[in-house]
Amino acid sequence: MLRFPVRFLRSHKLLSTRLCYSQHSEASDVFKKYPSASSFANVTSDANNSQQTQQTTESNTKDSNNTQSETHFGYKTVPEHEKQKMVHEVFRNVADKYDLMNDLMSGTMHRIWKDQMIGDHYRPQIGGTYLDVAGGTGDVAFRIAEYLKRQHLNAPNSGLTSRVIVSDINANMLEVGRQKSIELNLHKWEHHGVKLDWLEGNAEDLSETIPDRSIDGYTIAFGIRNVTHIDKAIKEAHRVLKPGGQFLCLEFSQVYPIALRQFYDWYSFNIIPKIGQVVANDHDSYQYLVESIRQFPPQERFKQMIQDAGFKNVRYTSLTFGVVALHSGIKL
Ligand SMILES: C[S@@+](CC[C@H](N)C(=O)[O-])C[C@H]1O[C@@H](n2cnc3c(N)ncnc32)[C@H](O)[C@@H]1O
């Protein structure tokens, strides 16, 4: 019964932070000594990476300038080439308070949804490579790593290494996640056969760092609605997956029944931006988050988009009356 409050307090450093801090400097050294030995990409850590994000954003802008298309940013209509920059700004602003805000806004429900996503719907195999896109501060990737660690402990002589890659377009989010992984000692799990890498990249185009058919499982949680071209991101997931690989997407969705939706809308529009203002001193970013949820396609329409990208066995499960939905598909 006390598990949630204790996890909540611990994870926001309101309880027993001493241990975390004492491990921190040692762990940072480990990261400096052994920046990823990754065959695909470099671990992100420094200012160069922020520059890279800026360049990616700018090149998207140039490409899209030619088409003069418009898209939505929450309820605003914006030039398509502007959206990525605006989303980037949102997550740059909220990165430090992102985890705390998630707990407060959802009453820690996001943890249960993520536990269900990885615990009940995903079957990573030791020796595999698992990519978590728009992985932010690492919540989903950490669950995958933990799942794999348990498998490795059950097969101590396998001689295999499993790889979990956290990818995100925003260096600030990744940096918060990397620090968290150090505090949780995840960087030491390589001894157990689980290697965690951090990679800055746009979900729409990972071709510079992730080869075709190289990934055993692709996850994306609460990320895809922020992407400018959702169809491109799903196609990219299809490209990077090996045949037989699983696509799994957790995203806010459409609430049923209507009466509950009305209450949920009231809560979202009246309470969440206010919490954002008080806790993160940022009303507008949370107003965008609430609005972006309403712009995201409902369950059936998103299912169709996943099928259109070429996935088979496409299905979804609505969780908590459809507040979120878990969509999955297989690349054959
Ligand atoms: C709501 S957070 C979700 C983070 C994490 N997956 C979680 O569940 O806690 C959305 C993340 O999507 C990232 N993002 C937005 N647009 C992206 C894009 N085009 N490519 C990759 N990541 C993107 C943001 O930087 C942010 O970290």
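Me: Quick one to start. How are α11 and α12 oriented to each other, roughly parallel or roughly antiparallel?

Reply: Roughly antiparallel. This is a predicted model, by the way. The axes of α11 and α12 cross at roughly 150 degrees. Angles over 145 degrees count as roughly antiparallel, hence the label.

Me: Which residues are in those two helices, and how close do the axes come?

Reply: Helix α11 covers residues 272-280 and helix α12 covers residues 283-295. Their axes come within 7 Å.

Me: Is the crossing of α11 and α12 left-handed or right-handed?

Reply: Right-handed.

Me: Which residues meet there?

Reply: From α11, Ile272, Pro273, Gly276 and Gln277. From α12, His283, Ser285, Tyr286, Gln287 and Val290. By class, that contact has four nonpolar residues, five polar and no charged.

Me: New topic. What about α6 and α7, what angle do they cross at?

Reply: Roughly 40 degrees, with the axes coming within 10 Å. Helix α6 is residues 109-121, and α7 is residues 139-154. That angle makes α6 oblique to α7. The crossing is right-handed.

Me: Which residues make the contact between α6 and α7?

Reply: On α6, Lys114, Asp115, Met117 and Ile118. On α7, Asp139, Val140, Arg143, Ile144 and Tyr147.

Me: And how does that contact divide by class?

Reply: Five nonpolar, no polar and four charged.

Me: Let's zoom in on Ile144. Buried or exposed?

Reply: Buried. Ile144 has 27 C-beta neighbours inside 10 Å. The cut-off for buried is 20 or more.

Me: What does Ile144 touch, leaving out residues up to four places away in sequence?

Reply: Ile118, Pro124, Tyr130, Asp132 and Val164. Ile118 also belongs to the α6 side of the contact with α7.

Me: How far is Val164 from Ile144?

Reply: In sequence, 20 residues. In space, 7.3 Å from C-alpha to C-alpha.

Me: Now the ligand. How many residues surround it?

Reply: 19 residues. The closest are Ala134, Gly136, Asn170, Ala203 and Ala221.

Me: Which helices supply at least two residues of that shell?

Reply: α4, residues 80-94, and α7 each do.

Me: How do the shell residues divide by class?

Reply: 10 are nonpolar, six polar and three charged.

How values were computed:
Residues numbered from 1 in each chain as written. Predicted model: local features only at pLDDT ≥ 70, side-chain atom pairs only at ≥ 80, totals over all residues. Near = placed C-beta within 6 Å. Helix = DSSP H or I, 4+ residues; strand = E, 2+ residues; numbered from the N terminus. Nonpolar A, V, L, I, M, F, W, Y, C, P; charged D, E, K, R; others polar. Axes fitted to C-alpha atoms, helices over the stretch in contact; angles between N-to-C directions. Parallel < 35°, antiparallel > 145°, perpendicular 65-115°, else oblique. Left-handed = near helix turned anticlockwise from the far one by under 90°. Contact = placed C-beta atoms within 7 Å. Buried ≥ 20, exposed ≤ 12 C-beta atoms within 10 Å, placed from the backbone.
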